[in-house]
Amino acid sequence: MRETVLVSACLLGLATRYDGKRLLEPRARDLLERYRVVPVCPEQLGGLPTPRPPAEILGGDGGAVLSGAARVINARGEDVTGAFLRGAEEVLRLARLLGARQAFLKAQSPSCGLHPLGVTAALLLREGLEVYEWA
Ligand code: SF4
């Protein structure tokens, strides 16, 4: 049986992005052939709507958000830190339920990115998952 992995939903062409646009990362097809792929969008799982205002981490990276030292603020100036944390925790819960040990996450996202580190990526790394940045 193929290994179960988590993949950012937007990489698979699902319209989960903040701007509601649909992208399909061509290399995602490789993942679909190699693994049992489970799409996740931490921002939606955290309760945010789509489309939604873009957001950024202020005062640090995703690790700092986890420790309470930084906040996530959207383009309207609203603090959406709670939703980002809830979404990250839901993704971790799903990883544990499904036994997923790897996640392929979208680059340049305050949730999914690795450089700089997003909130979900930081939580999954802290909990021992292998996290790869895509696109
Ligand atoms: S980058 Fe992550 S949080 Fe943003 S739309 Fe894609 S899956 Fe959702």
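Biologist: Helices (H or I, at least four residues) and strands (E, at least two) are DSSP runs, numbered from the N terminus. With that settled, which loop holds proline 51?

Modeller: Proline 51 belongs to the loop that links α2 (42-45) with β3 (55-58). Please note that this is a predicted model: local features need pLDDT of at least 70, side-chain atom pairs count only at pLDDT 80 or more, and totals for chains, interfaces and linings use all residues. Residues are numbered from 1 along each chain as its sequence is written, and side-chain values use heavy atoms, without hydrogens or water.

Biologist: What kind of peptide bond joins threonine 50 and proline 51?

Modeller: The bond between threonine 50 and proline 51 is a cis peptide bond, and its omega is about -5°. Histidine 115 and proline 116 are also joined by a cis peptide bond, with omega at about 0°.

Biologist: And where is proline 116?

Modeller: Proline 116 lies in the loop between β5 (102-106) and α5 (119-126). Glutamine 108 is placed in the loop between β5 and α5 as well.

Biologist: What is the phi of glutamine 108?

Modeller: Glutamine 108 has a positive phi of about 60°, although this residue is not a glycine.

Biologist: Let us turn to the sheet. What is the order of its strands?

Modeller: The order is β2-β1-β5-β6, in an open sheet of 4 strands with parallel pairing. Two strands pair if DSSP finds at least two bridges between them.

Biologist: Why is one side of β2 and of β6 left without a neighbour in the sheet?

Modeller: β2 (36-40) and β6 (130-134) stand at the edges and each has a single partner strand, so one side of each lacks a neighbour in the sheet.

Biologist: How many bridges join β1 to β2?

Modeller: Strand β1 (residues 4-8) is joined to β2 by 5 bridges, and the two run parallel. Within this pairing, valine 5 has valine 37 of β2 as its bridge partner.
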